[in-house]
Amino acid sequence: MALKKETNIFERNKISVPAFKPWISSEDKKSIMNTLKKTMLTLGPNIETFEENFAKFTGSKYAIAVSSCTAALHISALALGIGKGDEVIMPDLTFIADANAIMATGAKPRIVDIDSNYSISLDSIKQNITKKTKAIIPVHIYGKATNMKELVEFANSKDLMIIEDCAHALDTFYNKKHVGNYGLVGCFSFYPTKNITTAEGGMIITNTKRIAEQLKSLRNHGMDKSLSSRYNDKRPWIFDVKTPGLNYRLDEIRSALGISQLKRIHKITSLRKKAAKYYTNNLKVNGIITPKILNDKSHSYHLYTIRVTKDYGISRNKLFEIFKKHGIRTTVYWQPLHKFSAYKNFALKKHIQNSLKIYDEILSLPLYPNIPTSHQNIVIDCIKKHQS
Ligand SMILES: Cc1ncc(COP(=O)(O)O)c(C=O)c1O
């Protein structure tokens with residue numbers, strides 16, 4: 001029996017101000033069409049070029065392209081030897097992929113609180129460490145760098161590994177070093193809303209050769225030889241699998257799109273920052289807390305998330321409804337992990353008090369590189385008009 005067809009929600013509803021629009025340039029389209037003319041549609045030259053360019057941009061030694069950030073998180077944890085009997089600490093306010101990827105290894109997530117910057121709380125990590133803790137996943141949420149100095153110092157003192165979730169944080173730097181280089185691995189997403197997109201896709205960066213080699217094998221069924229080396233050898237079907245892997249490859253078409261998008265990352269970030277600055281300069285409204293505009297590279301403004309506090313007069317949910325009525329698409333990133341049935345037993349309520357409070361107040365406004373100022377003005381006017 002066929003499953004029910006999903007209607008395109010973006011076209012069905014009347015939206016006058018969309019939350020985002022992917023930016024696919026004519027150069028992007030050309031690079032996709034050129035790839036479609038080639039024989040090698042997967043594991044060809046594009047994935048290698050994308051990896052080389054990404055490693056260069058982030059200043060890391062190795063980059064391994066995969067089919068999503070979820071896949072990146074999953075095989076990163078596998079490559080670090082995380083599995084049954086282990087615990088991995090992660091913040092309550094993050095996307096479900098972090099918890100799902102850890103569960104898929106057989107390990108268990110341990111959900112902790114966030115601080116007032118929405119980053120993982122070091123105090124809460126300290127309260128939740130057990131003998132089973134193997135790693136910590138800091139999330140550079142909304143594009144803002146987590147305080148990696150104190151986190152790395154702490155992790156080193158306890159012999160814990162760090163897997164950085166950089167899904168939002170391409171072009172985000174912490175102390176002049178691109179995020180993702182502080183942990184053993186850094187995982188990026190190229191989902192359509194992200195800072196660059198390949199429709200679906202992800203990348204892992206690492207500075208450790210052994211981990212890079214293991215990741216390349218894990219994303220390709222666990223094979224110990226690359227496609228080209230197999231065909232350069234006498235018998236291409238002869239290869240070994242020491243550790244079983246998966247098919248998490250990024251194909252040549254998506255890699256071509258990634259190469260093309262990465263070329264304009266500086267432009268993308270500067271347009272995002274300009275739009276974020278416009279909101280912050282024009283949203284001086286009692287009870288609305290706006291993100292600070294930082295004049296360094298520690299925030300790439302992937303999302304523009306405000307807090308709707310009591311002083312505003314109406315609740316976050318009410319403001320969301322008003323936006324919806326006016327055709328303005330906003331949303332909450334995200335329901336905290338402990339709210340999901342699968343994860344309700346992985347957090348202690350007393351340890352996630354900030355997350356609980358902040359969750360009721362956050363709302364992400366429309367933001368993307370080419371957002372028209374007229375759309376931002378509609379959002380700003382709506383917030384100002386409905387204050388009570
Ligand atoms: C913080 C965070 N981590 C991981 C992911 C998973 O990324 P992907 O959709 O590429 O698997 C997302 C996706 O939205 C995310 O926001």
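A residue is buried if 20 or more other C-beta atoms lie within 10 Å of its own, exposed if 12 or fewer, and partly exposed in between, with C-beta atoms placed from the backbone. Keep that in mind for strand β5, residues 161–165. Four of its five residues are buried, so β5 is mostly covered. Strands here are DSSP runs of E, at least two residues; helices are runs of H or I, at least four; both are numbered from the N terminus.

Two housekeeping points. This is a predicted model: local features need pLDDT of at least 70, side-chain atom pairs count only at pLDDT 80 or more, and totals for chains, interfaces and linings use all residues. Residues are numbered from 1 along each chain as its sequence is written.

Now the sheet. Seven strands form an open sheet with mixed pairing, in the order β1-β9-β8-β5-β4-β2-β3. Two strands pair if DSSP finds at least two bridges between them. β1 (62–66) and β3 stand at the edges with a single partner strand each, so one side of each has no neighbour in the sheet. Direction ignored, neighbouring strands are turned by 25° against each other on average. The axes behind that angle are lines fitted to C-alpha atoms, for helices over the stretch in contact, and angles in general run from 0 to 180 degrees between N-to-C directions.

Two pairings in detail. β4 (residues 133–136) runs parallel to β5, over two bridges. There, Ile136 stands opposite Ile162 of β5. β2 (residues 87–91) and β3 are also paired in the parallel sense, over five bridges. Ile89 has Arg110 in β3 as its bridge partner.

Ala107 sits in the loop between α5 and β3. Why does Ala107 count as buried? Because it has 21 C-beta neighbours inside 10 Å. Lys84 is 23 residues away in sequence, yet the two C-alpha atoms are 4.6 Å apart. Contact means C-beta atoms, placed from the backbone, within 7 Å. Beyond its neighbours within four places in sequence, Ala107 has contacts including Ile82, Lys84, Val88 and Ile102.

Next, the domains. Their bounds come from an automatic or database domain assignment. Domain 1 covers 26–262, and domain 2 covers 265–385. Their centres, over C-alpha atoms, are 26 Å apart. Across the boundary, 35 residues of domain 1 are in contact with 26 of domain 2. On the domain 1 side, α5 (96–104), β3 (108–112), α6 (122–128) and β6 (173–174) each give at least two residues. β3 has the largest share, with five. By type, that side has 18 nonpolar, nine polar and eight charged residues. Nonpolar means Ala, Val, Leu, Ile, Met, Phe, Trp, Tyr, Cys and Pro; charged means Asp, Glu, Lys and Arg; the others, Gly among them, are polar.

On to the ligand. Its shell holds 14 residues, the closest being Ser68, Cys69, Thr70, Ala167 and Ser189. Near, here, means a backbone-placed C-beta atom within 6 Å. α4 (69–79) and α5 each supply at least two of the shell residues. The shell splits into six nonpolar, six polar and two charged.

Last, backbone geometry. The Tyr333 to Trp334 peptide bond is cis, omega near -5°. Trp334 is in the loop between α12 (316–325) and α13 (353–359). Leu43 is not a glycine, but its phi is positive, near 50°. Leu43 lies in the loop between α2 (26–36) and α3 (45–58). His221, also not a glycine, has a positive phi of about 65°. Its loop runs between α8 (209–218) and α9 (227–232). His221 counts as partly exposed because 14 other C-beta atoms lie within 10 Å.

Definitions and conventions: Two residues are in contact if their C-beta atoms, placed from the backbone, lie within 7 Å.
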